[in-house]
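This report covers a predicted model and takes up its charge pairs, its helix faces and its backbone exceptions in turn. Please view the sequence and the structure alongside the text.

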Amino acid sequence: MKDETLKLLRMRAAVMAREPVQVNATGIILDVITFTLATETYAIEAAFVREVYPLNDFTPLPGVPSYILGIINVRGEIMPVVNLKKFFNLPEQGLGNLNKVIILRNDNMEFGILADDVCGTEAISTDAIKPLPPTVSAIGEVYLMGVTRENIIVLNAEKLLSDESMVVNMGGN
Amino acid sequence: MDTADSEFLKRIQATYRIEAEEHLRAFSSGLMELEKTQTKESHAGIIEAMFREIHSLKGASRSVDQKEMESVCHPLENLFSALKRMEITLRPASFDLLHKTVEFLSRLIADSGKKQSPADLQNKRDLIQQLVLTISEAKNTPPGEEQVRQTDIATNVSPADIPLRTSTPPEPARELKLARAEVVKIPISKLDPLLFQAEEFLQTKISLRHQTNNLIDIVSEVNEWKAESVRRRGRHSMSVDAQWNEWEESDASHLNKLESHLSAMLHALEKNHHNLERIANDHLDAVKQLLMLPVAFLVEAFPAMVREISRNQEKEIELMIQGSNLEIDKRILEEIKDPLIHLIRNCIDHGIGTPRERLQHNKPSLGKITMTFSVRESGLVEITVSDDGKGIDKTRVLASAVKSGSISEEVAEKLNTDEILSLIFLSGLSTSPIITNLSGRGLGLSIVREKVERLNGSISVETLEKEGTTFRIILPLTLATFRGILVGTGDQRFILPIMNVERVIRVKAEDFTTLENHETMRIDNDILPVVSLQEALGLPERRAVVTRSSLAEQGGPPLIRIVVLVSGQKRIAIKVDEVFDENQVLVKGLGKLLRRVRNISGATILGSGTVVPVINVADLMTSAIQAGGRKTASDSETIPETKSAKILVAEDSITSRTLLKNILETAGYLVTVAIDGSEAWARIKRGAFDLVLSDVDMPKMNGFELTKKIRNDAGLSKIPVVLITSLESREDFERGIEAGADAYMIKNSFDQGNLLELIRKLI
C-alpha cells in the first residue's frame, strides 16, 4: 500500500515535472501573465499588470480610433480599454471570447487590453525569448520582446505603455 | 475702488500676519533646538533652516511694506548667513539676544499696522545694534570660545531656562497669542484626498437613490400581485374545496407579510438615503468651502505684470480689477490663471496701441485694461477682460483664417460677425503681423478656449472697431458641482451639461424648415440649425429604435425631442431620441490614454454602475455644423424602405455580442440581443424573430438547450437557429445538429462574409 502510494506520487511527479529554466549569467527571469487572443498565446510582464478585470459591460466612445474599444467602470474609476488586435492590425479572424481586461500600468500611463482568456502566470528567462522572424508576425517589432520555445509571444509592456501613437489626442474642430 | 483697495490691503495684512507668525514660530523652535543640540553636524542643518525662515520673513515683510520688521530681520539674516558660512559660532549671550529678538518680532507682528511707541523704537535700535555687534565680535573671537558654550549647556542649563536669563522678562501673554493661532495652514495635498472622498460619497448617494427606486418598483409590483390575488379570491369565494381555501389564505398571509417587510425596508432605506444625501451634500459643501479662495490671490501679481510688459513695448497701460473679493474654487483659480495672463497679454499686444497711436485716434495716451469678476447666476462666475484699444480687425481675421487653411473662401463669404470673431479661437490663427515672445504664434487663444472648456466654461469675444475688445468667460464657481441631463440616441446614452442646456422641447416634424440645405427651426426669434446628436457625433445611422416614449405617443403625430444647447453666443437645436432625467453627476476623466476626445469631455458613472460619456458642448456645436453639411450630400440617395428581417443574438461575451450586432445591423437586419440563454428564450417567446444566432457556452441556459426549447415549441419550431461556438469537437457538432440547429459556426474560423451568406440562405 505504502509502496503503491509512493509509486503513484513518483509517477505524478514525473508527469508534472518541467525542465528547469536555464539561467545563464545574462538571463533575467521575467514574471509574466499569459493570455490568449484569437488563436495565439501572448505573455506580458507581470510587473506592469495592475489587475485582471472581467469585462461585463463597456461604453463605446464616438469618433475614437477603432482600437479603442471604449471605457469601463473599474470600481468607480474610468478605464479605457484597447483592442490590441485592432491596434496591431491583426487580421480579423475568428471570434474570441474577449471578456477579460488586463489592466497595464506604469507611472505615466494606465489602460486595459482585451484578452480572450487569461491562462496564468509563468516565469520565463529572457534568454529563452528569441526574436520572432519578421515574416511571422504582423505586430510591429518594437512591441515584441520575442517568442518563447512554447510559441508564446512576449509583448513589450513598457513599449506599449509609453507609445505616444496609442494616445488619443484629438484636436478641437 | 478705494474701499475695494483698503479691503484688499486688509486681507493681505491678515495673510501676512499668518505667514510671518509661522516663520517666526519655526525660527523660534529652531533656536530651542540649536541650544539643545551638541553635535556640529546637526547644527548646520538647523542653522540652514533658520536662515531660510528669516530670509522668507524678511521677504514677506518687504512685500507688504513692513519696514520695522524688515530692518530687524536684515541684521538677523546677516548673522545667520555668517553662521552658515561657519565664520562665527554662537555664544550663550547670543542666544539671549536671539530670544529677545524673536520676542520683539512677535510683538511687532501682533501690532502690525499700529504705530510704534518711542520705547519700541529705542528697543528696536538697540536690538539691531547688538545683532550687528554680535557678528563683528564673534568674528574676532578665537575658536576656543566654542567650548565654553558647550560645557555651559551640558552642565547645568535646561533649554527652557535660557529665556529666563534675559534682562527683560518675556511677556507670557504674547507668547500665548502666538501659540493659539486660529488659522492653520494645511498643505493642499492633504485637502485633495478629502475632496476625493467627499466626491466618492456622492457616488454612493447616487447608487443608493437608484437602489431605493428599484425597491419602490418591487414594492409596487408586490402590491399589484396582492391586489390581483384579492380579486381572484373574490371571484372564487364560492370554492368548496377546504384545502384550496387554506392554501389561498396562507398565500395571502405570506404576501401580506412580504409586503409589510418590504414597506418597512423601503421606509428604512429611504430614511438612510435622505440622511446620507444630507451628510454627503453638507460634507461636500464644507470641503468645497475649504477650497474657496478670493480672486485677489490670483490677480495680485497682474498689475505689476501689465506695467512691465507695457513698458517693454513702450506703451502706457493701467490694469483695473473689479470683484477681486469673489471666492472661487482654488482648482479653478489655478487653471484659469494662465488663460487670463494670455488674454491680458493679448490686450497689450494687439489691443492697445502706443501713446502716439492712441492720441492720433483721440484717445487718452494711457490705455486701460479692465478685468471684472462677478457672479452671473447661481454657481456661475463671469470674468471679463476688456481693453479700450483698436478692436479686432475682422477682415484681417478672415484673411488669416483663409490663408492658414482653417476655412475656405466660399465659407468665409457667408460668415456673420460673430462667426468671424469666433475664428480667433482657432489654432494657427494670428492677426499679428510679427511674432513677439508673447503672442503672434496663433496658439494663445485656442489654448485659452481649450482650458476654459475643460473647466466646463465657455468663452466669447465682442469687439467694436476703434472702441475696444471684450473677452467674456463663464465658469462654474466650483468644479465638483455638475448637473447634467441624460439623453439617449440610438442605443447610446450621453450626459449634456446643464449649464449648456437652454431648454428641452418637443416639436413636430413640420416645425422644421430647410434653409440652404440645412434643417433649421425657429426658437424665440432666432433661426437655429437642427442636427441630430447621432449625426453630430458621427455615430452610424441606425434604423429607428422603438423606445418606451415613442411607443407611448403612438396615435398622435410623432413628436421629436429637441435640446437647445448654448455655448458662448452660439445656440443650436439638437435632436435626441430620448430625454431621461436631470441629475447631479460626478464627472471623471477618461484616463491618461484618452488625453482628448473630440466632443467628449469626460464620463460619469450612473447609479446602476453604467458609464456614460459627458458631451463637450463647444466641440459638439462645431461637429454639428460640419455634420449638417455632410448630411445634405448623402441625403439625396435615400435608402428605400424595406422590411428588415429580425435577428436575435444570444451571446454572453459583450465584445462578441457587440461585434455580431454591428455586423448584422450594418447588413440591414434589425437586431435584438440577449446576454444568456434564458433571456434569449424570454425574448423569443415575446417577439417574432426570423432567425436566432446563439453562442453555445452561456450561463443559465446554453445554446443546445435553447435550440431544443425552440424546436419543441409548436409556434416557434420553424425559426432557423445558428449556433456559434468555440467548441470544436465532433461530438459538440453532433449535439448541435441533434438539438435541431440549422447551422453550426466555429468561432476560430469565424468570418463575417460566411456568416452573412449563411443567414441570407436561411431566411
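## A charge pair in chain A

A:R75 is exposed, having a relative accessible area of 58%. In this report, buried means under 20% relative accessible area, exposed means over 50%, and partly exposed is in between (1.4 Å probe, protein chains only). The side chain of A:R75 meets that of A:E51 in a salt bridge, at 2.7 Å from N to O. A:R75 sits in the loop between strand 4 (68-74) and strand 5 (77-82) of chain A, and A:E51 in strand 3 (residues 49-54) of chain A, so this pair ties together parts that are 24 residues apart in sequence. A:E51, with a relative accessible area of 17%, is buried. A salt bridge is defined here as a side-chain nitrogen of Lys or Arg within 4 Å of a carboxyl oxygen of Asp or Glu. Side chains of opposite charge can pair when their charged atoms come close.

## Basis of the values

The model is predicted: local features need pLDDT of at least 70, side-chain atom pairs count only at pLDDT 80 or more, and totals for chains, interfaces and linings use all residues. Residues are numbered from 1 along each chain as its sequence is written, chains are lettered from A and ligands numbered from 1 in the order in which they are written, and side-chain values use heavy atoms, with hydrogens and water left out.

## Make-up of chain A

Chain A contains 3 helices and 11 strands. Helices (H or I, at least four residues) and strands (E, at least two) are DSSP runs, numbered from the N terminus. The order of elements in chain A, from the N terminus on, is α-β-β-β-β-β-α-β-β-β-β-β-α-β. Chain A has 173 residues, of which 46% count as buried.

## Salt bridges in chain B

Over all chains, the count comes to 35 salt bridges. One of the pairs in chain B joins B:K84 to B:E48, with the closest N and O atoms 3.7 Å apart. B:K84 belongs to helix 3 (residues 67-84) of chain B and B:E48 to helix 2 (residues 40-63) of chain B, so the pair ties together parts that are 36 residues apart in sequence. B:K84 is partly exposed at a relative accessible area of 35%, and B:E48 is partly exposed at 28%.

Another salt bridge is formed by the side chains of B:R209 and B:D581 (4.0 Å, N to O). This pair links distant parts of the chain, 372 residues apart: B:R209 is in helix 8 of chain B and B:D581 in strand 16 (residues 578-584) of chain B. B:R209 counts as partly exposed at 34% relative accessibility. B:D581 is also partly exposed, with a relative accessible area of 38%. In chain A, salt bridges that share partners join A:R50, A:E51, A:R75, A:E77, A:R105 and A:E110 into one network.

## A negative patch

B:D217, B:E221, B:E224 and B:E228 form a negative surface patch. Patches are made of residues with over 30% relative accessible area and no salt bridge, and like charges are joined within 9 Å. B:D217 lies in helix 8 (residues 188-235) of chain B and counts as partly exposed at 47% relative accessibility.

Helix 25 (residues 752-762) of chain B has B:L755, B:L756 and B:I759 buried. They cover an arc of only 95° around the axis, which puts them on the same side of helix 25 of chain B. The arc is that of the directions from the helix axis to the C-beta atoms. The exposed residues B:R760 and B:K761 are on the face of helix 25 of chain B turned away from its buried side.

In helix 14 (residues 394-403) of chain B, the buried residues are B:V397, B:L398, B:S400 and B:A401. Their arc around the axis is only 165°, which puts them on the same side of helix 14 of chain B. B:T395 and B:K403 are exposed on the other side of helix 14 of chain B.

## Positive phi outside glycine

B:M86 is not a glycine, although its phi is positive, at about 60°. B:M86 is placed in the loop between helix 3 and helix 4 (92-110) of chain B and is exposed, with a relative accessible area of 63%.

B:K700, a residue other than glycine, has a positive phi near 70°. B:K700 is in the loop between strand 22 (691-695) and helix 23 (703-712) of chain B. At 73% relative accessibility, B:K700 counts as exposed.

Methods
Patches are made of residues with over 30% relative accessible area and no salt bridge: like charges are joined within 9 Å, nonpolar side chains (Val, Leu, Ile, Met, Phe, Trp, Tyr) within 5 Å. Accessible areas come from the Shrake-Rupley method with a 1.4 Å probe; for residues, only the protein chains shown count as cover. Lys and Arg count as positive and Asp and Glu as negative; His and the chain ends are not counted. The place of a charge is taken as NZ of Lys, CZ of Arg, CG of Asp or CD of Glu.
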